[in-house]
Amino acid sequence: MKKIIPMQITTIQQLDDWMTTNCYNEYTFGVGNRKLVEGNGIKKTNDGFIWYYTERGQEQDLQYFETEQQIVEFAFKKINGCITALSHMVGFIKDTEDKFEENALLAELEKRNIKFSKDQIPYKVSDTRIRVFVFGCDINQCLDLKETYYPKAFR
């Protein structure tokens, strides 16, 4: 994925705004007001800032920074062009023999000239799911597809 070179970013708010402008997934990095579940993020302390990692409720401090500008520069290098942070799931489809839903979604993405990737994961016993992802601001061209192929129960 192409890295996006912004104007000078020196604050956490500017980094969050840049991520929003470039359609980064809001759940991948804990920057500003983003809703991090698992992954890396920034937190402010009395002594400065910490780059941390959290998984399954366990948080681990990874690196300390004295200034906001230092941590923002560090975080930007980690975030810029990160394919996971740019991905948006638009399809979560039960794998069936006829593949009707999967084929319909993929055909519509191709018709709209939207690049995508897909994988298959175990979901429950004897139930696998096809996940379909688009990247960056392409999500804005297929929100209607997400409504159809990514049920609200799984969001």
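Predicted model: local features only at pLDDT ≥ 70, side-chain atom pairs only at ≥ 80, totals over all residues.
Five helices and seven strands make up the secondary structure of the protein chain; helices (H or I, at least four residues) and strands (E, at least two) are DSSP runs, numbered from the N terminus. Residues are numbered from 1 along each chain as its sequence is written, and side-chain values use heavy atoms, with hydrogens and water left out.

**The whole chain**

- The C-alpha trace of the protein chain spans about 60 × 35 × 20 Å along its principal axes.
- Of its 155 residues, 40% count as buried; buried means under 20% relative accessible area, exposed over 50%, and partly exposed in between (1.4 Å probe, protein chains only).
- Take the contacts (heavy atoms within 4.5 Å) between residues at least 6 apart in sequence: 49% of them join residues at least 24 apart.
- The chain exposes about 9,700 Å², and carbon and sulfur atoms supply 49% of that; accessible areas come from the Shrake-Rupley method with a 1.4 Å probe, and for residues only the protein chains shown count as cover.
- There are 21 positive and 23 negative charges, and their mean positions are 2 Å apart. Lys and Arg count as positive and Asp and Glu as negative, with His and the chain ends not counted; each charge is placed at NZ of Lys, CZ of Arg, CG of Asp or CD of Glu.

**Helix α2**

- Residues 68-79 form α2, a helix of 12 residues that reaches 16 Å from its first C-alpha to its last, close to the 16 Å expected at 1.5 Å a residue. The expected span is 1.5 Å times one less than the number of residues.
- Its buried residues are I71, V72, F74, A75, F76 and I79.
- Those buried residues pack against α1 (12-21), β1 (29-30), β2 (39-45), β3 (48-55) and β4 (58-65).
- After α2 comes G81, with a positive phi near 85°.

**Helix α4**

- Helix α4 covers residues 100-111, and its 12 residues reach 16 Å from first C-alpha to last, close to the 16 Å expected at 1.5 Å a residue.
- E102, L105, L106 and L109 are the buried residues of α4. Looking down the helix axis, you'd see them fall within an arc of 95°, so they line one face of the helix; the arc is that of the directions from the helix axis to the C-beta atoms.
- On the face turned away from that buried side sit the exposed residues F100 and K111.
- Cover for the buried residues of α4 includes β5 (87-94), β6 (116-124), β7 (127-135) and α5 (143-149).
- N113 follows α4 and has a positive phi near 60°.

**V134 in strand β7**

- V134 lies in strand β7 and counts as buried, at 0% relative accessibility.
- Leaving out residues up to four places away in sequence, V134 touches L86, S87, H88, V90, L109, I114, K115, F116, I139 and C142.
- S117 is 17 residues from V134 along the chain, and their C-alpha atoms are separated by 6.7 Å.

**Two loop residues with positive phi**

- C23 is found in the loop between α1 and β1. This non-glycine residue has a positive phi near 60°, and C23 is buried, with a relative accessible area of 11%.
- S126 is in the loop between β6 and β7. Phi of S126 is near 60°, a positive value in a residue other than glycine, and S126 counts as exposed at 78% relative accessibility.
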